[in-house]
Amino acid sequence: MDLLSIDSLSDDQIETILDEGERWFEAARSGSPGDEGLRGKLVFNLFNENSTRTLMSFATAARRLGAGVVTLPVERSSVKKGETLEDTVRTLGAMRPDALVIRHAENGAAHIVAEIVSCPVINAGDGTNEHPTQALLDALTIRSHFGRIEGLTVAICGDIRHSRVAHSNAKLLPRLGATVRLAGPPDLMPEDLPQSSIDEAVEGADVVMMLRVQRERLERELGDAPGEYLQRYGLTAKRLARAASHAMVMHPGPINRGIEIEDAIADDPQRSLIMRQVEYGVAVRMACLDLLISSS
Ligand code: CP
């Protein structure tokens, strides 16, 4: 079994991951962050794009389950000599890992890898396509805070066009009964989606999830003067006041401070779930590794 997209998961598997993720979160909070369930197993990390949260949380998750972790230092690897993705993963597959976690700039890269290796493959973000474990940890963060997902309205705002996080959440959260509103600057919205303003999306929402402007994927600079993006499209205190009074703020990270979100909101422990998302990231990835490796 691979985890390449939210579509790879059945409803039962999603529920299992969320329930197990909650269990691991509680275990870590009570000082027993792991067990030896994956002792003797080996997880390979292959990250061709930069990462802090996803890379470190998969490594932490694997170790907390007793598995070994090997991360290919891509910058010092034969990738830099021109070796193809296919040859790289064929080589890694021959070393017989029990799971391979891949992040890559190309849409569909994880699917290519899964065709080559025999172990479970987890998509840790492929281009602008999907980032399924981020959506799972986001869902669990919401469920834990509100006690439910069903019936909530989640506004996902910003660079929707380039956001694999938005694409995975737009698949997952409605399956769990939430209403998802997507809004962003016209240049950063997919052409096939209707335009709606950030203010409209935020109005009355239970959750406001802001997205990083992915400058590395922009074909041209936005051209906004400093502070202009924040005022027009970002999350300011004034804009957040349009959401429900109990609304919580999320962001997958990393944050462009002062661009898509005001510092004071990102850092407000009463309104921000951003660090909680990171904490749930480890727990959810423990659940994913356990499910995939145990069932392979
Ligand atoms: N949210 C996320 O994928 O962050 P990293 O790029 O730091 O892994």
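Q: Counting Ala, Val, Leu, Ile, Met, Phe, Trp, Tyr, Cys and Pro as nonpolar, Asp, Glu, Lys and Arg as charged, and the others, Gly among them, as polar, how many residues of the lining of the largest pocket are charged?
A: This is a predicted model: local features need pLDDT of at least 70, side-chain atom pairs count only at pLDDT 80 or more, and totals for chains, interfaces and linings use all residues. Residues are numbered from 1 along each chain as its sequence is written, and side-chain values use heavy atoms, leaving out hydrogens and water. Four residues of the pocket lining are nonpolar and nine are polar; the charged ones number seven.

Q: Which residues are closest to the centre of the largest pocket?
A: On a 1 Å grid over the protein atoms alone, a pocket is an open set of points where a 1.4 Å probe fits, with protein on both sides within 12 Å along at least five of seven lines, and lining residues have an atom within 4 Å of a point. Of its 20 lining residues, the closest to the centre are R103, R164, R212, G253 and P254.

Q: Which helix gives the most to the lining of the largest cavity?
A: A cavity is a set of points from which the probe cannot get out, and the largest has a volume of about 80 Å³. Its lining includes R53, H251 and R285. Helix 5 (132-146) and helix 11 (274-294) each supply at least two lining residues. With five residues, the most comes from helix 11.

Q: Which strands stand at the edges of the open sheet of four strands?
A: The order is 6-5-7-8 with parallel pairing, where a pair needs at least two DSSP bridges. Each edge strand has a single partner, so one side is left without a neighbour in the sheet; these are strand 6 (179-183) and strand 8 (248-250).

Q: Which residue of strand 8 is the bridge partner of V207?
A: Strand 7 (207-210) pairs with strand 8 in the parallel sense over three bridges. The partner of V207 is M248.

Terms used
Grid points are joined across faces, edges and corners, and a volume is the space filled by probe spheres set on the points. Ala, Val, Leu, Ile, Met, Phe, Trp, Tyr, Cys and Pro count as nonpolar, Asp, Glu, Lys and Arg as charged, and the others, Gly among them, as polar.
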